[in-house]
Amino acid sequence: MSLLLVAGLACTLAIASAGDAVSDAFEKYFGKLVEDAAAKQKLVSHLDTLLKLGAKRPGEGLRFVHDYEDDKAKTLGVEVVPTLTAGSVDAWADRALQLLRGVDEGQTYSLLRRVITAALLKLWLEGGQKLPEGSADKLKEVMLKLYAVHRVGSVQKGVMEFLHVSKSGGTSWCHIAQLNGCVTERYDQSYVCQVKAFDDKVRWLNMTYHMQQVPVYRVPRYVLNRFSRFGNFRRSHVVSACRARHAIVHHHDYNYYSNEYTVHGGHEGPENAHMCPDMFNAVVMRDPRKRLVSHMKFIMWTMSGDRGYNDTQLFNMMYANRTAAFWQHLGPAVVDNYFIRSLLGEVAFHAPVGSISRDMLALAQQVLAQFDLVMVLEQDVDIRNLILYYGVGWKHTLEEVHDKDAAVREKEFNTTAYIPPDVDALLEAQSLDVELYDFSMTLALLDPVVFAVAAAAGEVPLKELAAASDTDDLHCGLLRGLNNSQILPGIGGTVRKHTGLLSGVSSLLRTLGGKTPRNRGGRGRGQGGADGRTRRALLGLGEWWSRWQSQDGASGMGQQQRREWVWEEPEGEEEAQLRGRRSLTGAMEEDEVVALRADRAGKVETLLVRAAQAVRLALPAWR
C-alpha cells in the first residue's frame, strides 16, 4: 500500500474515534467549504438537484434507473427520503434500515446512497452544522448499512467498466488497474485497456473535413485507424450490448476493461442512456476547460510525430494559424461539452456543435449520479485514495503513475504555439460541462462521508486486502468476476449460481410469484412513439435523430451505408496476440459467437417473462 494511502486512511480514522461519526464526517468534508457563502449556496443547489433526481421514477427523465429496479430501493428513494425532518430522524432511519435490509444484492445502490447522504447533509446544514441530538447512533447505523450494501453489490458485480473520458486520467487509471491485479484483454504501453469486440474506441475527428484540409494520400494510417471516426456508431449493438458484454467478460474471466466512447443505449436517444447494471461502473471527472486544452494539444502532438504526419510542412498546413471555428469542424465532440456527450450515448455524442442543451445536462446529471464510483481528478489526494480503497478495494493509487505526461510532451514539441488565439470562445462553450463538473464535485464528496464512517467503525473492504501488498495478492480488490464464492459469505453476501438459461426459468418463477424480475444486463429497444418524439424535441435533437431513426440496433450494416467515411482498423503484428493466448481475429470471432448466444438467451428470457406475466394475469380467473 502506498504511503499516501496509509496516511489518508489514518487521518480518516481520526475523524470519528468518538462522538457523532456522521457529523464529524460532514464537518471534515464540508465544514470549510460552507464558510464561503457562495460555495454554500452552490452546494445546497447541488443537493436539491440530487434530491429531485432521487425522487424521480424510471421514465421521469431517464428511462432506466438501475437502483429503482428494486421495489424497496425505489420506495426508499422516492417516498421515504423526502420525508426526513429534524423531528422524524429516528423513525425515518428505522424505515430506511428496514428497506435497505431487503434490497437485492446485485447493485451498490449508489444513487440511493448519495441521495440519503445528501438529505442528511442538508439537515446538518439547516441545523447549524449539527444533526438533531440523540440521532448519532441511528444515523451511523444507516451509514454502515449503506457501506455494507455497496461492498456486497460491488463483489456481486465483479467487473469494472471504466468510462474513460478522454484526457481525464483514464490511461493512468488503466495502469493502476493492472497494479491492483485486475485482468483485462490486454495491457500494453498505451494503457488503453479496451475489449476490441465492444468497439469502444475514440471518435475524435471528422475525417470528411480532415481530408478537405490536406491531400488524402498524405493522411497517415494511424489517424484513419484511431482518431477519425466521428459520425460512426458502434459496428454492432448486439456485440456491444450489456448482455453480450457480461457474457464475453465472464467467458474470458476478465474483471476490468475501459470504454473510451460513450455509455450504452444512447443510440436510441439520450433518454435511453444507461450503464450496464451488472458492471461496476466508474468514471473520473476533470475540469472541462483543462480537459479541452489537453485534448487539443494531444491531438497535435500525435500528429506531429512519426505516428502522425511526420512532416513539418504538412503539419503546419493543417494546424498553423487556425481559429476556434476550425476546431469545431475538425473535432465537433472534442470541443463541445465532451462529458455530457460521453454520458448520453451515441446520438448525443455525434450531434452537431451547439446542440447540447440544458435538458441534456439534466439527463447527464441523472446518469452521473448512478455511477458506482465517481472521482474528480482535482480532488484532494487523501479523498481520492479513500474512494479507491473503500469504494473498490484498490490499494495502488493514481499518485504512483503518471502516464502521457503533458509536460514531457510539451518539451518534445511546443503545441501551445498552435492553440488558436480565440480559444476563449471554445472554453466559454463548455459552460454546460462546467456545470456538470461542479455537480460531480459534490457527488464525489458524498461517498467519502459513508466510507469515512465505515473506516472509523473499523470496517475494511476485505480483511485479506488489508494485509496484501503484492499485485498478485490484490485480485482487483472487490472485483473478482464470478470468482467470489470465497469472499461473499464473509461480508454478508449470498453466493449466486450462474446457470445460463436457468436464469430465465428463475425469472419465470419469480414473475409467477408476483415480482417482475430485473433484466440483468440486457435492455430492450422500447423507444419510439409520441413520448420518445416529445422528449427528443425537448432536447433539441429531433432533426438529428431523424438521420439515425431507421438504424437497426442488431446490425451495423445500415449505418455503414450512410456514413460519409468508414474505416475499419487493420490488424497489426503487435495486436495479433491477446495476452499471448489467441489471435485477434480468432478472439473477435469467438466474442461475436458469445455475444450472439447471449442475445438469443436474452430473447428466450424475455419470452419466458412475458408468458409468466400472462399466466399471472390469468390466475385470478382460474381461481
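At what angle do helix H18 and helix H21 pack? Keep that in mind while setting up.

This is a predicted model, in which local features need pLDDT of at least 70, side-chain atom pairs count only at pLDDT 80 or more, and totals for chains, interfaces and linings use all residues. Residues are numbered from 1 along each chain as its sequence is written, and side-chain values use heavy atoms, without hydrogens and water.

**Stop 1: the helix pair.** Select 381-392 (H18) and 431-456 (H21): they pack at about 65°, axes 9 Å apart. Helices (H or I, at least four residues) and strands (E, at least two) are DSSP runs, numbered from the N terminus. Axes are lines fitted to C-alpha atoms, for helices over the stretch in contact; angles run from 0 to 180 degrees between N-to-C directions. Now show the contact residues (heavy atoms within 4.5 Å). H18 brings Ile383, Leu386, Ile387, Tyr390 and Gly391. H21 brings Ala444, Leu445, Pro448, Phe451, Ala452 and Ala455.

**Stop 2: the sheet.** Four strands form an open, parallel sheet, ordered S2-S1-S3-S4. Strands pair if DSSP finds at least two bridges between them. S2 (256-259) and S4 (373-376) are the edges, each with a single partner strand, so one side of each has no neighbour in the sheet. The twist averages 20° from one strand to the next.

**Stop 3: inside the sheet.** Select S1 (160-163) and S3 (280-285), parallel over four bridges. Glu161 has Asn281 of S3 as its bridge partner.

**Stop 4: strand S4.** S3 and S4 also pair in parallel, over four bridges. Val283 is bridged to Val374 in S4. Leu373 and Met375 point one way from S4, Val374 and Val376 the other; all are buried (under 20% relative accessible area, with a 1.4 Å probe and protein chains only).

Technical notes:
Buried < 20%, exposed > 50% of the residue type's maximum accessible area, 1.4 Å probe, protein only.
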